[in-house]
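Biologist: I would like to learn how to read a model like this one. Can we take it feature by feature?

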Amino acid sequence: IHIFSPGGGVCRKDPKYGFWTLFSPCGGRRTRLTFQDELQTVKADKASTPELVDIKITDYCPFGCEMCYQGSTLEGQHASHDFLDTMIRSFVRMGVFEVAIGGGEPTLHPGFLDLLGSFRRSGIVPNFTTRNLAWLKSPKKVRSVLEHAGSWAFSTENPDDVDRLAAALAEAEYNRLPDVQYILGVGNLQQLRAMLAKCKEHKFKLTLLGSKTTHRGKSYVWGQPQGWINEIVECSKTQGIGIDTAIASRYQKELKEAKVPSWCYTIEEGKFSMYVDAVAKKMGPSSYCEETDMVDIVGSGPWNSPTESMIEAFQRF
């Protein structure tokens, strides 16, 4: 059951588990609830279909980051237009609220702008993560992102890149602030403090990502800056800060000791979201799960839809 409000919000009742999810397309906020007479029968700890899909649209990337958990390179391939169209139709049937588009470098997929529009016209909010700032020099691309994208994030390990981001946004007259993503473990506490300071200066929300040990991430020497939780708890009083599931899962004890409310984060992948590698045509509970946890996506086109098999696989995550 989907109910659309005049302000653009969406309310969905889970057909299997019975709880309701309220979704705000503007900010991406999701709230799950049950009514008083359902409290004893309804559990909201797993959805029957994903609310969000993390979708990889390309394995091509020119940046060569040594910690890349996707292992993307200049030889990486793009997902096909036809398969992406098939995924959009399946996501609509599953009642997906939003997608997180990634890669590789998603802005370099030749159909990136068309894909943003296709998702938006299908009622799904497209978000994306990038290391690329060159697209901000194209007025056409800027207009398309402003028109179709929900939000986007700039990924970097260098605090000075935050200045570059702010300058590029100002030059493009782009007034919708993105988030900044920083991988905890690529630097020491001093570098984290510098990143926090730069984001506060330019009014960007900072999202901390946990280290992933797949592909090139396996051989990367990860650090562990001591005292980082106390640092972000203090900074969160005056600026926006988030953490991903990998961090929340790995540091549950420390988060509890720092008195961070458990409702602020989730520790399990694959419960309300899933990952689709549209290049390899596989799906899994997360973008950094083991290869053995990935499932082939079988079926394409209107007469051989993969939707039902995808739902079945998601329910096993």
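Biologist: Is Tyr-251 buried or exposed?

Modeller: Tyr-251 is buried, and its relative accessible area is 9%. Buried means under 20% relative accessible area. Remember that the model is predicted. Trp-228 is buried as well, at 4%.

Biologist: What does the other end of the scale look like, say at Asn-230?

Modeller: Asn-230 has a relative accessible area of 56% and is exposed. Asn-230 is in helix α6.

Biologist: Next, rings. How do I read an aromatic pair?

Modeller: Two numbers describe it: the distance of the ring centres and the angle of the planes. The structure holds twelve such aromatic pairs. Take Trp-152 and Tyr-174: their ring centres are 6.0 Å apart and their planes stand at 80 degrees, so this pair is edge-to-face.

Biologist: Where do Trp-152 and Tyr-174 sit in the chain?

Modeller: Trp-152 is in strand β8 (residues 152-155), and Tyr-174 is in the loop between α4 (160-172) and β9 (179-183). They are 22 residues apart, and the pair links distant parts of the chain. Trp-152 is buried, at 4%. Tyr-174 also counts as buried, at 5% relative accessibility.

Biologist: What is the geometry of the Trp-228 and Tyr-251 pair?

Modeller: The ring centres of Trp-228 and Tyr-251 are 5.0 Å apart and the planes stand at 75 degrees, so this pair is edge-to-face. Trp-228 belongs to helix α6 (residues 228-235), while Tyr-251 sits in the loop between α7 (245-250) and α8 (252-257). Again the pair links distant parts of the chain, with the residues 23 apart.

Biologist: Which residues form the aromatic cluster?

Modeller: Phe-112, Phe-128, Trp-135, Trp-152 and Tyr-174 form one cluster.

Biologist: Which charged residue sits over the ring of Phe-314?

Modeller: Lys-46 does, with its charged end 3.7 Å from the centre of that ring. Elsewhere, Lys-212 lies over the face of Tyr-69, at 5.7 Å from the ring centre.

Biologist: Now the sheet. How are strands held together, in general?

Modeller: Strands of a sheet pair through backbone hydrogen bonds, in parallel or antiparallel fashion. Here, ten strands make an open sheet with mixed pairing, in the order β11-β10-β9-β8-β7-β6-β5-β12-β13-β14. Its edge strands, β11 (241-243) and β14 (295-296), each pair on one side only.

Biologist: How many bridges join β7 to β8?

Modeller: Three, and these strands run parallel. Within this pairing, Thr-129 has Ala-153 of β8 as its bridge partner. Three bridges also join β8 to β9 in parallel, where Ala-153 stands opposite Asp-179. Then β9 and β10 pair in the parallel sense over four bridges, and Gln-181 stands opposite Thr-207.

Biologist: Which way do side chains point from a strand?

Modeller: In a regular strand they alternate between the two faces of the sheet. In β10, Leu-206 and Leu-208 point one way, Thr-207 and Leu-209 the other, and all are buried. For β9, four of its five residues are buried, so this strand is largely enclosed by the rest of the structure.

Biologist: Which helices lie across these strands?

Modeller: Helix α2 (residues 112-121) lies across β6 (98-102) and β7, at about 150 degrees to β7. Helix α5 (residues 189-202) lies across β9, β10 (206-209) and β11, at about 180 degrees to β9.

Biologist: Finally, how do I read a nonpolar core?

Modeller: In soluble globular proteins, nonpolar side chains tend to be buried together. The largest nonpolar core here has 71 residues, and those with the most contacts inside it include Ile-55, Trp-152, Trp-228 and Met-274. Helix α1 (residues 81-94) gives the most to this core, with six residues.

Biologist: What is Met-274 in contact with, beyond its neighbours within four places in sequence?

Modeller: Its contacts include Pro-50, Leu-52, Phe-91, Met-283, Met-310, Phe-314 and Phe-317.

Conventions. Residues are numbered from 1 along each chain as its sequence is written. This is a predicted model: local features need pLDDT of at least 70, side-chain atom pairs count only at pLDDT 80 or more; totals for chains, interfaces and linings use all residues. Side-chain values use heavy atoms; hydrogens and water are left out. Rings of Phe, Tyr and Trp (its six-membered ring) pair if their centres lie within 6.5 Å; planes under 30 degrees apart count as stacked, over 60 as edge-to-face and the rest as tilted. Helices (H or I, at least four residues) and strands (E, at least two) are DSSP runs, numbered from the N terminus. Buried means under 20% relative accessible area, exposed over 50%, partly exposed in between (1.4 Å probe, protein chains only). A charge sits over a ring if NZ of Lys or CZ of Arg is within 6 Å of the ring centre and within 35 degrees of the ring normal. Two strands pair if DSSP finds at least two bridges between them. Contact means heavy atoms within 4.5 Å. Axes are lines fitted to C-alpha atoms, for helices over the stretch in contact, and angles run from 0 to 180 degrees between N-to-C directions. A nonpolar core is a set of buried Ala, Val, Leu, Ile, Met, Phe, Trp, Tyr and Cys residues joined through side-chain atoms within 4.5 Å.
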